[in-house]
Amino acid sequence: MGNWQQIVVPTDGDRITFKDGKQQVSDTPIVPFIRGDGIGPDIWAASQPVLDAAVELTSGGRRDIRWMEVYAGERALELYQTYLPEETIEALREYAVAIKGPLTTPVGGGFRSLNVTLRQIFDLYACIRPVRYVDGVPSPVKEPEKVNVVIFRENTEDVYSGIEFASGTPEAAKLIAFLKDELGKNVRAESGIGIKPISQFGTDRLVRRAIQYAIDHNLPSVTIVHKGNIQKFTEGAFRDWSYALAAREFADRTIREDAVGPDGPGGKIVIKDRIADAMFQQILLRPAEYSVLAMPNLNGDYFSDACAAQIGGLGMAPGANIGDSAAIFEATHGTAPKYAGKDMVNPGSVILSGAMLLEYLGWQAAADLVHEGVRRTIAAKTVTYDLERQMPGATKVSCSAFGAEIVKHMREAV
Ligand code: NAD
């Protein structure tokens, strides 16, 4: 247990632990939170009461999250003169399950990105983004309610592994020479070079989680999204390993799409694959045919934002980064610095990420109540500026008032 400078550990809560890869949660778990930079503090102030109320209302007051503030980003720079203090890392390691607002990516400095760094330190290999329409949210498509998918994006490999060499450097020249001399492959001189590793290990653990999620939530299919027609040994291998994993570990619960006969899948989860470019069309043209999606890192990066836009934008899209013994739930948008401290922005992303956290704790009723509260608040058209300006007849409310409206509607719903 840390002897920490700034972090105050709640005295009457419990650590979440893991047994056989499964989280063990008491009625009063300690959960670290990072407010985040820019609009982060505004959003957290609106979100925490929503999550607390949902837990209280669905447990008769028996359960309560013991929140523990930990610091990263600009606040940490003020307190510790570093963006990511050692004691924050220790606390996250010790308490394992956390929620965070957006963090500024320091320009220059030693970090690529605080978010990427946190994902690497805790090996949070699955980025999970549910994309589900909330009735009444302005959307650019005709039938946004048909989109209801959960994206599992691999978070540690692919072109994000950071192996890159700039054009004209000795390293790039050396690799170009190696490719020519040793492997007989020509790369234009003065090219920049990036490496794209995709492993069976990385694929298996992501796809295992995606299939397990479909089983746990009774969902009809898992679609592997890849560019294997061109990148055969990375994206193509991702596809092949995914099918092999489904056949090896989930034989009795899954069936390949090409093996489905005229009588249907017989209650099994259909495993299918789509080429990434075709999938961008499919999600617009036939969204109802897709449920859980699993994909390598870069596809997942593009696809999750495009998909979120389809149901009304990033302001409300939740996300989680999950590993085998740690999880960080987070806003998917950035710090929107020009709105910081104005109590103005939409706290929906952190609130819905909080609902994912509640589900992860095993508190499904509380998670469902948050969704119901958000649904009713939007149906009542009391919304923050970003939604109000696109919703005829809506009433504009502040960030904190939006949170309070959700609490009010949750109380009415139970
Ligand atoms: P951004 O998401 O902060 O802002 C883009 C625009 O989206 C804003 O101007 C605002 O109009 C709107 N917006 C964002 N969140 C909103 C909300 N909750 N409610 C209403 N409107 C909202 O993206 P950016 O400007 O590209 O990035 C700003 C900073 O955030 C950068 O330092 C970037 O590195 C960082 N960032 C962090 C994360 C993260 O922590 N996960 C993600 C993306 C960007």
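Start by selecting Asp-258: with a relative accessible area of 62%, this residue is exposed (exposed means over 50% relative accessible area, buried under 20%, and partly exposed in between, with a 1.4 Å probe and protein chains only). Before you go on, note that this is a predicted model, in which local features need pLDDT of at least 70, side-chain atom pairs count only at pLDDT 80 or more, and totals for chains, interfaces and linings use all residues. Residues are numbered from 1 along each chain as its sequence is written, and side-chain values use heavy atoms, leaving out hydrogens and water.

Arg-256 is partly exposed, at 35% relative accessibility.

Next, pick Arg-239 and Asp-240, whose side chains form a salt bridge at 2.8 Å, N to O. Both ends are partly exposed: Arg-239 has a relative accessible area of 25%, and Asp-240 has 42%.

Move on to Lys-227 and Asp-277, a salt bridge with its closest N and O atoms 2.9 Å apart. Lys-227 sits in the loop between strand E10 (221-226) and helix H7 (232-249), while Asp-277 belongs to helix H8 (residues 276-285), so this pair ties together parts 50 residues apart in sequence. (Helices, H or I with at least four residues, and strands, E with at least two, are DSSP runs numbered from the N terminus.) Lys-227 is partly exposed at 22%, and Asp-277 is partly exposed at 45%.

How many salt bridges does the structure hold? There are 26.

Finally, turn to the ligand. It is surrounded by 18 residues, the closest being Leu-103, Thr-105, Gly-334, Ala-336 and Asn-346 (a residue is near if one of its heavy atoms lies within 4 Å). This shell divides into nine nonpolar, seven polar and two charged residues.

- Leu-103: 2.8 Å to a polar backbone atom.
- Asn-115: 2.9 Å to an N or O atom in the side chain.
- Gly-334: 2.7 Å to a polar backbone atom.

Taken alone, the ligand exposes 810 Å², and the protein buries 65% of that (accessible areas come from the Shrake-Rupley method with a 1.4 Å probe).

Methods:
Polar contact = N/O pair within 3.5 Å; in protein donor to acceptor, adjacent residues only side chain to side chain. Nonpolar A, V, L, I, M, F, W, Y, C, P; charged D, E, K, R; others polar. Salt bridge = Lys/Arg side-chain N within 4 Å of Asp/Glu carboxyl O.
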